Amino acid sequence: MDIKLLLERLAPDAAATFKRFPFAILLTACATAILVAGTNDLLAENETVWGLLCAGLATGAVFSLAGTLFQESRPTLRATGFVLTYVVPLVVVALFQVRDNNWFIPYLMPIAGFLWLSVLGFTEVGRGEARENNQNRFWWLNHRAVTTAIIAGAAFGLILLGIFAIERSLAILFGFANGEIFYKWVLPIIAAFFAPLYWFTTIPRLGDFDTKALDEPDFLSRAIGFLGQFILAPLLLAYAAILLAYVVQIAATRTLPQGMLGWMVMGFTLTGAATFLVLHPPFMRGRMLVRLFRRWWFALTVLPLALFAIALWTRIDAYGLTPDRVGLVAGGLWAAVVTLVYLAHRGDIRLIPAIAAIALLAISIGPWNIENAAFDSQSRRLDAVLTAGKISGPQTRPQLNPAQSDAAMSATEYLLGGDRGRLELARIL
């Protein structure tokens, strides 16, 4: 019997998915092969290179999925669709082989890839009803994709438990104690290939969009809507009130914010943006709490973001940039841009992940990336402090005030955290 015909009979969804996402599946298969080979010690000793290649192939698969969705949404732009589906993923794979931190940091790319995937099928801006329809389609597809991704994760958890039970049963009942077959072959293949393949099969085609899903939701959509309406929205509104009260306290005491405030505000804005996305469909908008949240949310973020900017600037001015602070700067710019767009009545839910993807790509690629910007900042700070303290030559004595001593200590501690930093520290000293 023809293999293609057999596959279509046994697994019609899988056959259609191979036809729809061939390059993404190929990249996923290559990543799986490297993972299995590495798990079984079949590769050369340079684990970092193989690990980065595996991660690059997996991330490239996500970018290829995004390109396919673009092709489905904009069939007339064939050349652009081809580049996004095949060329961009290969560029991503190649970027993961760049070992110079001056130009590329790999760990943010997968997140940027999924954000890219969420919006690339909906690039037509449109106006009026067309724009609203594009936002509804964006919500519809991503709602289903996220839901089925969670189901795929839960299914893998069940498979993991099943494999453990089978392996233990064979070992106890029949003395078959070779668990390496399960844990070094079966489990990695299921986790890295079949679980993603299942998720690929659940990504709906853009042409399957039905407006009834927005007006007559199924049980799962109603459950998620309940979570957003009665739990997330009230909690976020209460949290906004707490942050506003803190702003009043700062104004009254004239004490600048310290500590974890930056991450608190960033978590607040991220959760709020996610809730805003959850509460987008028409079947939710007529409810009182949803109307209240959607009307006031972005206005309520203005003062917390101002507080965030003051706190972050205070820390950077005192202690320079670190990767965490570069990430907070990018996150703050994302939140500020989205807030300004919505306050100017130009809001579009597609902008929320799109601007976040741009921000992550900006701090991943180039000499200003999240690691290099921090490295350069700390190097310059330490060099400037030592120069100001006249620490040069065997006959000189340090003349550092307490603030300069703290600055030198914090920069030194940061540079001691890696080989590149220790080399720079040696050069400065």
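Let's start with helix 16. Its buried residues are I352, P353, I355, A356, A357, A359 and L360. Buried here means under 20% relative accessible area, exposed over 50%, and partly exposed in between, using a 1.4 Å probe and protein chains only.

A quick word on the source. This is a predicted model, where local features need pLDDT of at least 70, side-chain atom pairs count only at pLDDT 80 or more, and totals for chains, interfaces and linings use all residues. Residues are numbered from 1 along each chain as its sequence is written, and side-chain values use heavy atoms, with hydrogens and water left out.

Back to helix 16. The helix covers residues 351–362, which is 12 residues. From first C-alpha to last, helix 16 reaches 16 Å, close to the 16 Å expected at 1.5 Å a residue. That expected span is 1.5 Å times one less than the number of residues. Helices are DSSP runs (H or I, at least four residues), numbered from the N terminus.

What do the buried residues of helix 16 pack against? They pack against helix 6 (109–119), helix 7 (129–174), helix 11 and helix 15 (323–343). Contact means heavy atoms within 4.5 Å.

Take helix 11 (residues 261–278) with helix 14 (residues 302–319). They pack at about 150 degrees, axes 9 Å apart. So helix 11 is roughly antiparallel to helix 14, a term for angles over 145 degrees. Axes are lines fitted to C-alpha atoms over the stretch in contact, and angles run from 0 to 180 degrees between N-to-C directions.

Who touches whom? L261, G262, V265, M266, F268 and T269 in helix 11 meet P304, L305, L307, F308 and A311 in helix 14. By class, that contact has 9 nonpolar, 2 polar and no charged residues.

Next pair: helix 7 and helix 8 (residues 180–202). Their axes come within 10 Å and cross at roughly 155 degrees. That makes helix 7 roughly antiparallel to helix 8. Their contact has 20 nonpolar, 2 polar and 1 charged residues.

Last, two loop residues. D41 sits in the loop between helix 3 (22–39) and helix 4 (47–73). Phi of D41 is near 55 degrees, positive in a residue other than glycine. D41 counts as exposed, because its relative accessibility is 63%.

H345 lies in the loop between helix 15 and helix 16. Phi of H345 is near 60 degrees, again positive in a residue other than glycine. Buried or exposed? H345 is exposed, at 70% relative accessible area.

How values were computed: Angles under 35 degrees count as roughly parallel, over 145 as roughly antiparallel, 65 to 115 as roughly perpendicular and the rest as oblique. Ala, Val, Leu, Ile, Met, Phe, Trp, Tyr, Cys and Pro count as nonpolar, Asp, Glu, Lys and Arg as charged, and the others, Gly among them, as polar.
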